[in-house]
Amino acid sequence: MSKRPWGYQPLPERPDPQWSLHPQTHAVRAGLARSGFGETAEALYLTSGFTYASAEEAVESFTDETDHFVYGRFANPTISMFEQRLAAIEGAEFCVATGSGMSAMFASVACLVKAGDRVVASAAMFSSCYVVLTEILPRWGVTIELVKGNDPALWAQALSKPTVAVFIETPSNPMLDIVDIEMVSKLAHLAGATVIVDNVMASPILQKPLELGADVVMYSATKHIDGQGRVLAGAILGSFSYIQEKLNPFIRHTGPSLSPFNAWVLVKSLETMSMRVEKMSNSAQTLAQFLETCPQIKSVRYPGLKSHIGYEIAQKQMSGGGSTIGIEFKGPRAEVFTFMNALRVIDISNNLGDSKSLITHPASTTHRRLTPEVQAEMGITDSVLRLSVGLEYAGDLLTDIEQALS
Ligand SMILES: *Cc1c(COP(=O)(O)O)cnc(C)c1O
């Protein structure tokens, strides 16, 4: 029996299956590029550079005549495995991974616009996305119009003028506002706009914006994709033409690259993502229903509750309510803080989408950068908490909330 030579001999390619694979099979298999060692798990290629067998091969690599890796800012085998796997789960032609959710968000819009261009966005969104759209891009001459809520007439009015990009966050962070992706996409395309959806809160499991008519999807992979509180990362998914013609020329030179180590963590996280997200979403549904019955609580915002203003649209475009709940207490901030401090299992933290349940007071932390007026517009008051439901036993979370309320 001959031993396989170290590293140099690629394994024979296995033929792709003749049938179309389920996203969960893609979550475990897609993008897997084994080296000659035949390792079972995805390898970590912790390298910034690559070598060439000859000067001629280097030239060919730089002129794109081969698919030889060139430099970590452009591509890396471990990052590429993560990108291909996420693209297969999402049903997107292409994926580009970035170092954070915000670098993904910024690049997804910035690669499309120039001075004088117009962007339309949903008014309720994560505070850093809000700052990029309303403060940073306007410095470079981009105009921005925000649309409140989901009224088709308001969206049609905003999109009655030529528009380059439409950015929507649905559900929104932290108050879980819902925008109809199909309705906005149709109107946006009439205005000539590229539709970008921040799909962080729903995750790739519960909502498929591309199937609903959107052009581009972006993620903070820090949230449900890692889902275990370890790494910061982002991703942008879309068509071959968007990625090749718009995004890549921007991103290759501005450099928001993901670390191969973080990509290696994430490629394994994708394998368990659907199980984690479904479990978290089911527990969140149970807790949201319980919270609605508590006399100390004024209102509960959760897309899976019939009382949610966007319930019908959420039913249409999401396959679960998600892992995050917005809770408005009747009492003032002091009472809300007493509740937070009394929790024994649920941690006080500003992250979300984690296996550990986390509670946040957005007005004083994640969304403090926004003015009180903008906070009020988004429904973020001093009495509001955001609960990210994790993977603990739901009964224990319920008991924890019950004891902290009393
Ligand atoms: C967290 C978050 C982001 C930013 O992601 P980072 O990985 O923290 O940079 C963007 N959008 C939404 C909706 C988020 O929740």
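This is a predicted model: local features need pLDDT of at least 70, side-chain atom pairs count only at pLDDT 80 or more; totals for chains, interfaces and linings use all residues.
Residues are numbered from 1 along each chain as its sequence is written. Local features need pLDDT of at least 70, side-chain atom pairs count only at pLDDT 80 or more, and totals for chains, interfaces and linings use all residues, while side-chain values use heavy atoms, with hydrogens and water left out.

**Stop 1: the ligand**

The ligand is surrounded by 13 residues. Met102, Asp198, Ser220, Thr222 and Lys223 are the closest. Sorted by class, the shell holds 5 nonpolar, 5 polar and 3 charged residues. Here Ala, Val, Leu, Ile, Met, Phe, Trp, Tyr, Cys and Pro count as nonpolar, Asp, Glu, Lys and Arg as charged, and the others, Gly among them, as polar.

Start at glycine 101: a backbone N or O atom lies 2.9 Å from a ligand oxygen. Move to asparagine 173, where a side-chain N or O atom is 3.0 Å from an oxygen of the ligand. Then pick threonine 222, with a polar side-chain atom 2.6 Å from a ligand oxygen. On its own, the ligand has 380 Å² of accessible area, and the protein covers 92% of that (Shrake-Rupley method, 1.4 Å probe).

**Stop 2: the rings**

Which residues form an edge-to-face pair, 6.1 Å centre to centre? Select tyrosine 71 and phenylalanine 74; their planes are 75° apart. Rings pair if their centres lie within 6.5 Å, and planes over 60 degrees apart count as edge-to-face. The structure has 7 aromatic pairs. Tyrosine 71 is partly exposed, at 40% relative accessibility (the class between 20% and 50%; under 20% is buried). Phenylalanine 74 is partly exposed too, at 31%.

Next, select Phe106, Trp140 and Phe250, a cluster linked by ring pairs.

**Stop 3: the cysteines**

How many disulfides does the structure hold? A search of the whole structure finds 0 (sulfur atoms within 2.5 Å would count). Select cysteine 129, buried at 1% relative accessible area. Its closest cysteine sulfur is in cysteine 111, 15 Å away, so too far for a bond. End at cysteine 294, which is buried at 7%.

Key
A residue is near a molecule or strand if one of its heavy atoms lies within 4 Å of it. A polar contact is a pair of N or O atoms within 3.5 Å; within protein, one must be able to donate a hydrogen and the other to accept it, and residues adjacent in sequence count only if both atoms are side-chain atoms. Rings of Phe, Tyr and Trp (its six-membered ring) pair if their centres lie within 6.5 Å; planes under 30 degrees apart count as stacked, over 60 as edge-to-face and the rest as tilted. Buried means under 20% relative accessible area, exposed over 50%, partly exposed in between (1.4 Å probe, protein chains only).
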